[in-house]
Amino acid sequence: MVSIAIFSIYLFSILASLLLGNTASAGSAVLEGVHDALRFAPELAAALCLWSAVTELLERSGIGAALARLLRQPLLRLFPRGAADPGTLAALSENLSANMLGLGNAATPAGIRATRGLARLQARTELNTLVVLNTASVQLLPTTAASLRASLGSAAPFDITPAVWVSSILSLLAGLSLIRLLNRTPS
Amino acid sequence: MRALGQLTVPLLVLAAALGAAVKGVDVFDAMSAGAKKGLLILWGILPSLLVVFPAIRLLRASGLPELLGTTLRPAFTLLGVPEETGLLMLLRPLSGSGALAAAAELMQRHGPDSLIGRTAAVMLGSSETSFYVIAVYFSAAGIRDDGRALPAALCADLVCFLASAWICRVLWG
């Protein structure tokens, strides 16, 4: 679907530039765009590497296990059936704590194990809850967005953090409410 | 206080390193492993940057956004969302690196500390690649969507975009 978006951008841009007489600037824009991306890459790499190094320190210090303990109560409430199964509970808490720390690579395998566990228990609503928890991206620190800002010279890259929390929590509440609402209507 | 603020980054690294050292972690080994992961993340998103940046440059140079802007502006104004974030919102549920590239382009053009730059960062930070998450989780577990997961995830994304625009306007508008 991204391919369709990119294809449409090219098609409509070419047509628009012909219509509006912007063919000269449109013609050179594509190569300039590649150049932009390459120029931007080292800046982005610097921010990503620094932040990943700090995250790795936190991870190896056992922050994930501490977070998992904190998440126990909310998990028991959100996943009453899943949490009754020890393996599924472990996968759920690993998935959520990795998500909150912004460790996407660690979150996915745990999320898949949790999904399999919930599917085996036939806990359909809890499965959808897990999906919404994962798509709403509840993060303690928005590391990727902040790395982007840092690489472009932001004065305080992490000052968006409270705004990200508000937005994530509102979207999470909307998703969870819709699941409960759809659950009541017979399908 | 000002000096402390300016030293946030090194102090943060120091605190994390001290905490890890207390726990008996090999600090240098952990940090270099982390930096390597950072490089791998870049390696993962660079190809998308190389495809999306030229497309956005072309789109801007063509003059189409100004043409569309005048027709679509009322709708965006009504929702309180900056019209510049349209492409970012379209790509967000579909492609993580595509959305990152679109957000990066917005921050680069308008500045990371501008209202549009911040809105783009908050949108990016508070949402996920919904289609990808659902596809990966459900196919790995061998089950099908019961028609609730995708609508709920997309509704959450929509609320996320509106909320991001709203909170940024309140805090920095």
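Predicted model: local features only at pLDDT ≥ 70, side-chain atom pairs only at ≥ 80, totals over all residues.
Some ground rules: residues are numbered from 1 along each chain as its sequence is written, and chains are lettered from A and ligands numbered from 1 in the order in which they are written. Local features need pLDDT of at least 70, side-chain atom pairs count only at pLDDT 80 or more, totals for chains, interfaces and linings use all residues, and side-chain values use heavy atoms, with hydrogens and water left out.

**Exercise 1. Work out what chain B is built from and how spread out it is.**

Step 1: Look at the elements. Chain B has nine helices and zero strands, where helices (H or I, at least four residues) and strands (E, at least two) are DSSP runs numbered from the N terminus.

Step 2: Check the spread. Chain B has a radius of gyration of 20 Å, well over the 16 Å that the globule rule gives for 173 residues, so it is more spread out than a compact globule. That radius is taken over C-alpha atoms, and the rule is 2.2 Å times the number of residues to the power 0.38.

Step 3: Picture the box. Along the principal axes, the C-alpha atoms of chain B fill roughly 60 × 50 × 30 Å.

**Exercise 2. Find the largest nonpolar core and follow one of its residues.**

Step 1: A nonpolar core is a set of buried Ala, Val, Leu, Ile, Met, Phe, Trp, Tyr and Cys residues joined through side-chain atoms within 4.5 Å. Buried means under 20% relative accessible area, exposed over 50%, and partly exposed in between (1.4 Å probe, protein chains only).

Step 2: Go to the core. The largest one has 49 residues, and those with the most contacts inside it include A:L44 and B:L49. Helix α3 (residues 27–62) of chain B gives the most to this core, with nine residues.

Step 3: Zoom in on B:L49. Leaving out residues up to four places away in sequence, B:L49 touches A:A37, A:F40, A:L44, B:P54, B:L100 and B:A101; contact means heavy atoms within 4.5 Å.

Step 4: Look beyond it. Another core, of 35 residues, lies apart from this one, with A:L67 and B:A152 among its members.

**Exercise 3. Decide whether A:Q122 and A:S137 are buried or exposed.**

Step 1: Start with A:Q122. This residue is in the loop between α5 (104–120) and α6 (124–135) of chain A. A:Q122 isn't a glycine, yet has a positive phi of about 55°. With a relative accessible area of 64%, A:Q122 is exposed.

Step 2: Turn to A:S137. Its loop runs between α6 and α7 (143–151) of chain A. A:S137 has a positive phi of about 55° too, although it is not a glycine. At 5% relative accessibility, A:S137 counts as buried.
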